[in-house]
Amino acid sequence: MTANSNLPMISVVIPAYGRVEPLKYTLRSAAVSIAKSGYEGEIIVVDDGSEPPMEERLAGFDAHHPVRFVRQANQGSIVARLTGLHEAKGMYIQFLDSDDLLHSDKLREQVRVMELENLDVSYTDVAKTVLAEDYEVASFELLGSVAETSDSLDFFTKVQPSLHAPVYRREYLLNALKNPIIPQDRIFDPSGDIWLYRALTLYPAKVRKVPGAYAGIGPHEEGRYSLCWEKLGVASLGIDEAFMAATAGQPSAGSARRLLGERAYASWRLLPHDVPREYDRRMIALWQSTRSVKARRSRGPFGMVDAALSPWLAGKIYRRLRRPSYAECKTLRSKEEFAALVAKLPTPPRAAQPPFPRPPVRPPAFQRPSPKSKFLATDWPPIR
């Protein structure tokens with residue numbers, strides 16, 4: 001396909017619900033990036049049941065590019081994003097949230113590389129943005145360099161950049177998302193990017209990073225999921241539990257399950273030491289269900305203690321000594337509200353439940369049993 005084709009080369013898909021002012025910046029930045037790319041492009045806003053409709057609320061606003069509105073009953077951003085994908089006609093897909101911003105060079109640079117190398121996915125670094133008047137973006141500054149990989153399994157399970165960083169080949173997405181292995185449950189919406197990555201994890205892709213601060217979140221005072229780590233964490237937990245249940249017993253998913261289990265353990269170690277009990281239990285259960293023996297170890301003086309104990313016990317001690325209490329870092333009103341979020345998650349299927357620990361192996365008769373042997377056993381007790 002070329003820039004002179006009757007069909008667009010690039011489709012920018014934006015789910016939206018209620019949020020108007022940040023969306024105006026998003027639309028303008030997308031229009032500028034499409035114009036500078038040299039390709040034909042389209043902007044699709046999927047209105048997820050806003051009242052009044054987004055098209056009415058944006059009447060009179062000049063986005064500097066035609067905007068196609070697709071309206072659906074309120075079903076959440078994950079469903080809205082898939083609706084936009086199926087409405088798109090471009091060869092390449094750029095997903096955005098309604099407060100994301102694109103650098104003017106982003107689409108040009110990523111599509112150019114994808115065309116040259118026949119890529120399925122390209123991605124960029126994270127930018128800090130400064131807004132200007134008249135819905136323009138004053139600057140994009142590098143906020144953080146995203147790890148570079150050409151391995152799609154690493155990309156989908158470890159790198160996991162922000163939703164606005166990748167550009168996808170539409171054909172790849174349509175093939176991989178015909179029957180997503182993760183339910184399109186709106187309880188997962190706070191981590192919609194993780195939902196997409198888990199749904200794509202088992203589908204190999206040609207991936208490359210295009211370095212540059214080409215996308216970021218626009219600063220604003222309206223609500224956003226990224227300001228509540230508890231909502232992000234609970235949604236991600238449910239998504240990973242669904243992935244583990246859907247892939248149980250699949251040899252082809254072994255590497256992905258192991259990587260996600262190890263990532264779950266690393267995340268569990270960094271939690272406040274007194275998070276709700278059920279969240280604590282289900283987080284470590286993700287790792288236990290993979291039977292992975294690899295776990296993150298501490299450096300420095302604590303590393304010696306860490307190496308002598310089982311991962312579960314070492315992690316509990318580490319969190320007690322090194323991590324803050326929930327009250328020190330909460331973004332919800334109370335721990336009870338956090339626990340209520342966890343209670344709304346689907347009950348983890350049997351395949352994702354933590355295995356019962358095997359009793360420690362009795363030492364041979366000629367060895368003197370160590371009083372510490374129960375702490376050095378391969379298995380660990382379930383969290384209580």
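1. Ground rules. This is a predicted model, in which local features need pLDDT of at least 70 and side-chain atom pairs count only at pLDDT 80 or more, while totals for chains, interfaces and linings use all residues. Residues are numbered from 1 along each chain as its sequence is written, and side-chain values use heavy atoms, with hydrogens and water left out.

2. Confidence. The average pLDDT (the predictor's confidence in each residue, from 0 to 100) is 88 for the chain, and 85% of the residues score at least 70. Residues 351–384 fall below 50. This stretch still has 45 contacts (heavy atoms within 4.5 Å) beyond near neighbours in sequence. Where pLDDT is low, the predicted coordinates should not be read in detail.

3. Helix 8. Helices (H or I, at least four residues) and strands (E, at least two) are DSSP runs, numbered from the N terminus. Helix 8 covers residues 229–247, 19 residues in total. Its first and last C-alpha atoms lie 27 Å apart, close to the expected 27 Å (1.5 Å times one less than the number of residues). Of its 19 residues, 14 are buried, so the rest of the structure largely encloses this helix. Here buried means under 20% relative accessible area, exposed over 50%, and partly exposed in between (1.4 Å probe, protein chains only).

4. Salt bridges overall. The whole structure holds 24 salt bridges (a side-chain nitrogen of Lys or Arg within 4 Å of a carboxyl oxygen of Asp or Glu). One network links Lys36, Asp105, Arg108, Glu109 and Arg112.

5. Glu51 and Arg71. Their closest N and O atoms are 2.7 Å apart in a salt bridge. Glu51 sits in the loop between strand 2 (41–47) and helix 2 (54–57), and Arg71 in strand 3 (residues 67–71), so the pair ties together parts 20 residues apart in sequence. Glu51 is exposed at 62% relative accessible area. Arg71 is partly exposed at 41%.

6. Glu87 and Arg68. This salt bridge has its closest N and O atoms 3.1 Å apart. It links distant parts of the chain: Glu87 belongs to helix 3 (residues 77–87) and Arg68 to strand 3, 19 residues apart. Both are partly exposed, Glu87 at 31% and Arg68 at 28%.

7. Glu278 and Arg282. These side chains form a salt bridge at 3.8 Å, N to O. The two are four residues apart in helix 10 (residues 277–290), so about one helical turn separates them. Glu278 is partly exposed at 35%, whereas Arg282 is buried at 5%.
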